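The following note sets out numbered remarks on the structure shown below.

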Amino acid sequence: MQTSRYHEVYARWQSDPQGFWREAAADIDWIKLPQTIFDPKAGVYGRWFADGVCNTSQNCLDRHIAAGRGNQPAIIYDSPVADTRRTLSYSELLREVELVGHMLKRFNVGKGDRVIIYMPMVPEALVAMLACARIGAVHSVVFGGFAAHELATRLDDARPTLILAASCGVEPGRVVHYKPLLDRAIAEAQHKPETTIILQRPQEQASLIEGRDYDWMALRAELIAEGAGPLAPEPLAATDPLYILYTSGTTGKPKGVVRDNGGHMVALNWSMGALYGVEAGDVYWAASDVGWVVGHSYICYAPLLKGCTTIVYEGKPVGTPDPGAFWRMISDYRIKVLFTAPTAFRAIRKEDPRAEYLAKYDLAGFKALFLAGERADPDTVKWAEDILKVPVIDHWWQTETGWAIAGNPLGLGILPVKHGSPTVPMPGYDVQILDETGKPVEAGKMGSIAIKLPLPPGCLPTLWNAEERFQTGYLAEYPGYYNTSDAGYRDADGYLFIMGRTDDIINVAGHRLSTGGMEEVLASHPSVAECAVIGAKDSLKGEVPLGFVVLKAGVHASQAEIEKDCVRLVRDRIGPVAAFKHTLVVNRLPKTRSGKILRGTMKKIADGDAWSIPATIDDPAVLDEIAGALKAGYKAG
Ligand code: COA
Ligand code: AMP
């Protein structure tokens, strides 16, 4: 094994953080080079590259074309569900971005205006993001698996000028009708954008409302006929927002994570070389969705910043058509690095435990598999290592950070792997394990995982329209630190182990969901007096939500009726992605004497883990009732 430069590089960052990031910033083209690397007085906890001027789309496109990469594929689109393949070179991608930039300008969208993007995994989703970046508009991509109500809450918070959407998405076996969802969301929202531009897909022609909805391709054709030329990238402050990405908080109201331009580019570009070990010209595939942070950072921005070819895959790891789908992709496009969630590998293993599909493909150019989005269980990691015979690298991060907090840096030389650990903090992150009083704990002891401020470039500077929520939710509990809301420990070798969330967030198939948000939905059912939702262990998705409801006095509905209603409600209000399938009707919920529902103990009972009666419980008999209801009505997946 080659010796790793990790310790030397981390120590270099520790001794001179600003010098470290100044050097990394030199790999980016600046319209005005930043003189101040970090301004501790700006923003909530300081700002990176505050006096720099730049444009993200220029760094993703023009820079590489100028360096001779115009004909290199920038995006490869492969859709087994739409039976389509398409490649866009860097020059072609720039042209499309410029055309959509012109379109946006035609509707008076400019610097600082928000644009909602509601699109499936098609190249136009990246074109839309980059077009916003080019003109300085702030995009907010909404995942297609969310329901109209979730889209409406984002419309009201982001207050977009315009929406870019597709007529539909394609899930295996069904078309997802985006346009009716969009119409419902606009009807529900207080804030109603004046314009929508719809990409009509061959699978569904959506009906358009005259004067509000425009056809993407018709506008594009008009612009071409009018001779629309190049569109210069808008000079932006490094600290100007590039995008807002909503993520689950502990309530039903999502949090708008803000990302800037300058720090984001510097950090992502650095991560591509040092962490993922890729160079310009390599083919890099993040098998996720543009609606998640992984899609923002590693389908769209980072690979393009680095001059790689990125993959837009509209399919699943299994069933489209078989568990060999990922191997086909790696072999067809000579993919060097794949990044996905462990759940994708659990799905492949479930269908093809002996990896027989793998033998059909040549994976010669494949160098590494990166996993993130949820805890990578050692069993799945070992299986992937055995079948692929390349490094399988767990890395840990969050929507808020935008790039890895901890990982095993392939580009700096890989460190010995410890299963169950995402290895070590990346330069930029001073990670501490704290006790309840905020004091660092000794090696091997569990605690809350916090990052000493300032956060590195690329991490959120604040929440959109919610600075107070940013302060109270992340910074208040441990002064001087950012609280990750993950719990875990560090071993004697400095390896981190991330064991789970300390809040009401659960992780379902690598998707981050709020149990509090689901409880708000169940509580709106007219027959429900009170409820609790927990994340129960699931062998495929990691966790799945499980609801418990207490009915109002006098309601006589069957368990089956209530469950059906609750499942429909959550699907309608939050969306299919919540994967909410089970509700148990119980007589009472276990509570402390002060009235707090004992969700942690309920989870242990559901998971079949050892549990004890909490000292503060009001009536211990309720726990037996919960155990009885689970035994009678729920089978863990
Ligand atoms: N648009 C509309 N609906 C969507 C959707 C989208 N973009 N993505 C998922 N859904 C729907 C699914 O069709 C499913 O609906 P159903 O209840 O009608 O079957 C529901 O949301 C739940 O989806 P999911 O949890 O993904 O389950 P699945 O059974 O469809 O697939 C896996 C399971 C493991 C194959 C899938 O989760 C997967 O590929 N995961 C990879 C990891 C990943 O992408 N993580 C993202 C962060 S890195
Ligand atoms: P998201 O914001 O959707 O990326 O989800 C972030 C959360 O997912 C983290 O706070 C963790 O709880 C969990 N997570 C992500 N990656 C890992 C990992 N490698 N190991 C353990 N948990 C992870």
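1. Rings of Phe, Tyr and Trp, the last taken by its six-membered ring, are treated as a pair if their centres lie within 6.5 Å. On that basis, Phe20, Trp21, Trp30, Phe38, Trp48, Phe49, Trp270, Trp403 and Tyr429 form one aromatic cluster. The model is a predicted one, and every remark here should be read accordingly.

2. Across the whole structure, the search returns 34 aromatic pairs. One of them joins Phe470 and Tyr474, whose ring centres are 5.5 Å apart and whose planes make an angle of 45 degrees. The pair counts as tilted, because stacked requires planes under 30 degrees apart and edge-to-face requires over 60. Both Phe470 and Tyr474 belong to helix α15, which covers residues 467-475. They are separated by 4 residues, or about one turn of the helix.

3. Are Phe470 and Tyr474 buried or exposed? Buried means under 20% relative accessible area. Phe470 has 0% relative accessibility and therefore counts as buried. Tyr474 has 4% and so counts as buried too.

4. Two contacts between a charged side chain and a ring deserve mention. Arg154 lies over the face of Phe146, 4.7 Å from the ring centre. Lys418 is placed over the face of Tyr495, at 4.6 Å from the ring centre.

5. An open sheet of 7 strands runs in the order β5-β4-β17-β16-β18-β19-β20, and its pairing is mixed. Its edge strands are β5 (84-89) and β20 (392-394), each of which pairs on one side only. On average, neighbouring strands of this sheet are turned by 20 degrees against each other, direction ignored. Within the sheet, strands β16 (residues 283-286) and β17 (residues 309-313) run parallel and are joined by 2 bridges. Val283 has Thr309 of β17 as its bridge partner.

6. An open sheet of 4 strands has antiparallel pairing and the order β23-β24-β25-β26. Which strands stand at its edges? They are β23 (431-434) and β26 (496-501); each has a single partner strand, so one side of each is left without a neighbour in the sheet. Strand β24 (residues 447-452) pairs with β25 in the antiparallel sense over 6 bridges. Among the residues involved, Ala450 has Asn483 in β25 as its bridge partner.

7. The second largest pocket holds about 310 Å³ of space. Its lining comprises 20 residues, and Thr250, Lys255, Gly473, Ser485 and Asp503 are those nearest its centre. Which elements give two or more residues to the lining of this pocket? They are α15 and β25 (481-490). Helix α15 is the helix in which Phe470 and Tyr474 both lie, while β25 is the antiparallel partner of β24.

8. The remaining point concerns a hairpin. Strand β27 (residues 505-508) and strand β28 (residues 511-514) pair in the antiparallel sense over 4 bridges. Asn507 stands opposite Arg512 in β28. There are 2 residues between the two strands of the hairpin, and Ala509 in the turn has a positive phi of about 55 degrees.

Key
Residues are numbered from 1 along each chain as its sequence is written. Chains are lettered from A and ligands numbered from 1 in the order in which they are written. This is a predicted model: local features need pLDDT of at least 70, side-chain atom pairs count only at pLDDT 80 or more; totals for chains, interfaces and linings use all residues. Side-chain values use heavy atoms; hydrogens and water are left out. Buried means under 20% relative accessible area, exposed over 50%, partly exposed in between (1.4 Å probe, protein chains only). A charge sits over a ring if NZ of Lys or CZ of Arg is within 6 Å of the ring centre and within 35 degrees of the ring normal. Two strands pair if DSSP finds at least two bridges between them. Axes are lines fitted to C-alpha atoms, for helices over the stretch in contact, and angles run from 0 to 180 degrees between N-to-C directions. On a 1 Å grid over the protein atoms alone, a cavity is a set of points where a 1.4 Å probe fits but cannot get out, and a pocket is an open set with protein on both sides within 12 Å along at least five of seven lines; lining residues have an atom within 4 Å of a point. Grid points are joined across faces, edges and corners, and a volume is the space filled by probe spheres set on the points.
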